[in-house]
Amino acid sequence: METLISSDVRLLANLIQEGKVVIFPTETVYGIGASTKLEKACLRVYEIKGRPKDNPLIAHFDSIESIAAVCELGDVGRMLLERFSPGPLTLILPKKDKSLFPKELDTLAVRIPKSPVVREWIKLSGGPISAPSANLSGRPSLTKLTDVKRYFDGVVDGILLAEEPSFGIESTVVSLVSKTPVLLRPGSIESKELLTILPDLVVPDPYTKNELFSVPLSPGTKYKHYAPTARVILATTDEFIYSLNTMSESKTSAWIGFSFEGKEDEKKKQKIGKQPLNEFDTYCKVTSNEEYASKLYAFFESCDLFGIQTIFCELPPQSIGSEGLRNRLDKASNV
């Protein structure tokens, strides 16, 4: 199969209208999508990813009014979208249009991507576009075009060229299908911020099994997610520094975190690869939780590409950006 890789939104919109599958960037991660109106096309997304059929897709819209046309938005839903969209917020809403995929659910996960280019493409396609993250099921989501091409060039029908993801982790998901709103998946919009608007928001304990719904309404709530092939070890700062001091010569280990204790300045970075352009730095130093999140999945991909067997991830400090990041680290390490 030849994959159309283009920035021409009209050409890529035509593919969606024809029932094809297209990969596109959002502000969070790359998505792999098909028309929400075409069940067969959406089922092909599951086949390409190897995704369980009961793991829902998020429908991407170009505007709030487009969502209101097919879902019961309500005052709370509209308020949240006006505050956080376009952006990394997904809402679970009751459907008005029962024909939309998945037909067996009375709800729909909806969001509006931040990119004006992507929103224009959705509008031209006749939207909405149902899309999970562009990855193989269970693996880290993709945030770099080079990784998207490596996995999906020749597999999907099109790849939309636009601004690459910057947030690095998937959207925050809030369910509005019951009387009390529930945080289903943390992201860059954190529960603390949501609670200022939704004081009755239910924020489940991430370390307690919560069977809030018998059927999953959101991706990222049931199956193992975001995990590279390499073993992911979450480490306190002391454990992280100890591993660096005792294992820094290892060619099968890598580190991502804040505390490198001058090792970068001492140029003790372990490189993997024979050619300069193919070298992989096994140290990934970050200076904030936001930077950590933006680099995490790409670092996981590089580790797998270069045969790393163990990845030490320093636990993020409890501050802005830690909630969604910690969730993804826990999922990747299977905590």
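Start by selecting Arg 328 and Tyr 226: Arg 328 lies over the face of Tyr 226, at 5.2 Å from the ring centre. A charge counts as over a ring if NZ of Lys or CZ of Arg is within 6 Å of the ring centre and within 35 degrees of the ring normal.

Before moving on, note that this is a predicted model, where local features need pLDDT of at least 70 and side-chain atom pairs count only at pLDDT 80 or more, while totals for chains, interfaces and linings use all residues. Residues are numbered from 1 along each chain as its sequence is written, and side-chain values use heavy atoms, with hydrogens and water left out.

**The sheet**

Select β11, β16, β12 and β15. In that order, these four strands form an open sheet with parallel pairing. The edges are β11 (231-235) and β15 (283-285), each pairing on one side only. From one strand to the next, the twist averages 15°. Strands are DSSP runs of E with at least two residues; helices are runs of H or I with at least four, and both are numbered from the N terminus. Two strands pair if DSSP finds at least two bridges between them.

Zoom in on β11 and β16 (residues 310-314). Five parallel bridges join β11 and β16. Pick Ile 233: its bridge partner in β16 is Phe 312.

**The helices on the sheet**

Show α8 (residues 237-247). Helix α8 packs on the sheet and touches β11, β12 (253-257), β15 and β16. Contact means heavy atoms within 4.5 Å. The direction of α8 makes about 145° with that of β12. Axes are lines fitted to C-alpha atoms, for helices over the stretch in contact, and angles run from 0 to 180 degrees between N-to-C directions.

Next, show α10 (residues 322-333). Helix α10 also packs on the sheet, touching β11 and β16. Its direction makes about 135° with that of β11.

**The rings**

The structure holds nine aromatic pairs. Rings of Phe, Tyr and Trp (its six-membered ring) pair if their centres lie within 6.5 Å; planes under 30 degrees apart are stacked, over 60 edge-to-face, the rest tilted.

Go to Tyr 151 and Phe 152. Their ring centres are 6.2 Å apart and their planes at 45°, so this pair is tilted. Tyr 151 is partly exposed, at 23% relative accessible area; Phe 152 is buried, at 1%. Buried means under 20%, exposed over 50%, partly exposed in between (1.4 Å probe, protein chains only).

Finish at Trp 255 and Phe 312. With centres 5.7 Å apart and planes at 15°, this pair is stacked. Trp 255 sits in β12 and Phe 312 in β16, 57 residues apart. Both are buried.
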